[in-house]
Amino acid sequence: MTKRFAAAVLRSYESRFTVEEVTLGARPADGEILVRIAGCGMCRTDLAVRRSAGRSPLPAVLGHEGAGVVVETGGPDTGLGVGDHVVLSFDSCGHCRSCLGAAPAYCDSFASLNLFGGRKENAARFTDAAGIALAPRWFGQSSFAEYAMVPARNAVRVDPSLPIELLGPLGCGFLTGAGAVFTSFGAGPGDSIAVFGAGAVGLAAVMAATAAGALTVAVDRHPERLALAERLGASPLHAASAGLPERIRRLTDGGAQYALDTTGSAQLINDALRALRPTGHLGLVARLHTALPLEPGTLDQGRRISHICEGDAVPGLLIPRLTGLWQAGRFPFDQLIRTYPLADINEAERDCDAGRVVKPVLIPAGTGR
């Protein structure tokens, strides 16, 4: 099988994306599926490749929040069939201690499978029009394209009545924020949560906290993001507010039980710790690139801090929960999305960087051949 189709290629860390015709010359192997992409979210992790100090191989097709329709399978062991609608999430090995312990985000091979070269077996490389091989699959997907060859382990079947072109961000960004609330914190009615950063991950956490019945405070520096967080059920606070920890403690009757930082700002992380009640838990989702100075007293009284990857989620369990909440009107993630044609990927990146859009979703124009 040779399939040619459009994909957005990043050729260097400084260049823009170019939409090109690429070729996939293999059929799905055992355990794989071929998916026609209906839409793919753009995540900060995709854009961070430019700052990866050469560790992520290029040229490459990025994209790891894909969703679409299965068009071919590599056999009955995939558990999926042609015509199934699927959301694609991160890759994991399935057999290490973490995977067997229902913690695939902490897979022993997470970095190698998702960030730095993909699976050695069945790498499913694309080639460009000159026949030059592109880097192996990004997050097991490379879904900034009309098609993606994916390990079936990455794919979660969803109700075909759902708007499949919008569901991709449930595989990473929205999964991370909601998973932090539902899985990492286990928040419920009567709990309180302070969310620092009202981007895609933070607002997903706000929606999940509201759905869980928790009292929620959202902190950001953009008034329009704070207004959106308020519509989604949070009390808004500007990040530059004087006495920010004290204001959060007043709003949460003595301190938040949980806090989620999506900013990576040392000052806000310290503010978040000071806003916690005794025994409170701060989760960090942003990757820190420098040492984190903690102010004296911030970890007193049983407070703790941890890093959260992919919302501690098992995608096959959390994604159906999120789509069910959306159908019930309790997780309105579609309000955070703006769609762009795949050909406008560079405009989507500019808007994302400038904060003009919460979650860009790229829509391929055709179906290849």
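Two strands are said to pair if DSSP finds at least two bridges between them, and helices (H or I, at least four residues) and strands (E, at least two) are DSSP runs, numbered from the N terminus. The structure described here is a predicted model, in which local features need pLDDT of at least 70 and side-chain atom pairs count only at pLDDT 80 or more, while totals for chains, interfaces and linings use all residues. Residues are numbered from 1 along each chain as its sequence is written, and side-chain values use heavy atoms, with hydrogens and water left out.

**The parallel sheet**

- Six strands form an open sheet in the order β11-β10-β9-β12-β13-β14, with parallel pairing.
- Because β11 (235-238) and β14 (304-307) stand at the edges with a single partner strand each, one side of each is left without a neighbour in the sheet.
- Within the sheet, strand β9 (residues 192-196) pairs with strand β12 (residues 256-261) in the parallel sense over four bridges, and D261 in β12 is the bridge partner of F196.
- Helix α7 (residues 244-251) packs on the sheet, where α7 touches β9, β10 (215-220) and β11; contact means heavy atoms within 4.5 Å.

- Helix α4 (residues 173-185) packs against helix α5 (residues 200-212) at an angle of about 40°, with the axes 7 Å apart; axes are lines fitted to C-alpha atoms, for helices over the stretch in contact, and angles run from 0 to 180 degrees between N-to-C directions.
- That angle makes α4 oblique to α5, since angles under 35 degrees count as roughly parallel, over 145 as roughly antiparallel, 65 to 115 as roughly perpendicular and the rest as oblique.
- Residues of α4, including F174, V181 and F182, meet residues of α5, among them V201, A204 and A208.

**Buried residues**

- In helix α10 (residues 345-354), I345, N346, A348, E349, D351 and C352 are buried, where buried means under 20% relative accessible area, exposed over 50%, and partly exposed in between (1.4 Å probe, protein chains only).
- These buried residues of α10 pack against β1 (3-10), β2 (17-24), α1 (44-47), β15 (337-341) and β16 (359-363).
- Q141, which lies in the loop between α3 (110-114) and β7 (147-151), is buried with a relative accessible area of 0%.
- The C-alpha atoms of Q141 and G66 are separated by 7.5 Å, although these residues are 75 residues apart along the chain.
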